Amino acid sequence: FVLSAENDKCKAGKVVQEMAGKYLAAKQRERYILEMEHLLDKKIAKSIGDKEISIGFTKKGNKHLYSDTFSRTDFPKDKLKEIDTLLKQSTFLKTAELHKNRKDNIQRFHYFIDKEIDVIYNVAEEVKAEGLTGTCIL
């Protein structure tokens, strides 16, 4: 009976640890997304070959940036709030057409390289009522 109580105590400790980890991760995400909120008012003009696009930021795009940064890239986390400036200084690399049908308004992707921090920015091109625009995706 004592062994069973110790086993239950160990299981409870693991559950509490897991819950605490999820809470801390959610708080961290919330903090970074809040730091990126000022980007929602920013627009960046970038040349892609012979045309220019206006790159903006959206709440959905910022969440995507955060998720990619923390799960798939080596992008410096503390630089997320400066991504508008970093993107502005990047160099156009290439455009890629879609290879599958999409349900959103994304038409193609443009890639920009930031040689200083060795990262490639992925910008989704959307067609909206007000014209061509881009959303930054890392």
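My entries below go from a helix to its rings and then to the charges over them.

I am working with a predicted model, in which local features need pLDDT of at least 70, side-chain atom pairs count only at pLDDT 80 or more, and totals for chains, interfaces and linings use all residues. I number residues from 1 along each chain as its sequence is written, and side-chain values use heavy atoms, with hydrogens and water left out.

I looked up helix α2 and found that it covers residues 59-71; helices here are DSSP runs of H or I with at least four residues, numbered from the N terminus. Among its buried residues (under 20% relative accessible area, 1.4 Å probe, protein chains only) I listed L65 and Y66.

I then checked the rings, where Phe, Tyr and Trp (its six-membered ring) pair if their centres lie within 6.5 Å, with planes under 30 degrees apart called stacked, over 60 edge-to-face and the rest tilted. The count by this rule is 5 aromatic pairs. One of them, Y32 with Y66, is tilted, at 5.9 Å centre to centre and 45° between the planes, and it links helix α1 to helix α2 across 34 residues.

I noted Y32 as buried at 8% relative accessible area. Y32 also pairs with F70, and because their planes stand at 65°, with centres 5.1 Å apart, I call this pair edge-to-face. Together, Y32, Y66 and F70 form one aromatic cluster.

Lastly, I found the charged end of R31 over the ring of Y32, 4.4 Å from its centre, the rule being NZ of Lys or CZ of Arg within 6 Å of the ring centre and within 35 degrees of the ring normal.

Terms used. Helices (H or I, at least four residues) and strands (E, at least two) are DSSP runs, numbered from the N terminus. The expected span of a helix is 1.5 Å times one less than its number of residues. Buried means under 20% relative accessible area, exposed over 50%, partly exposed in between (1.4 Å probe, protein chains only).
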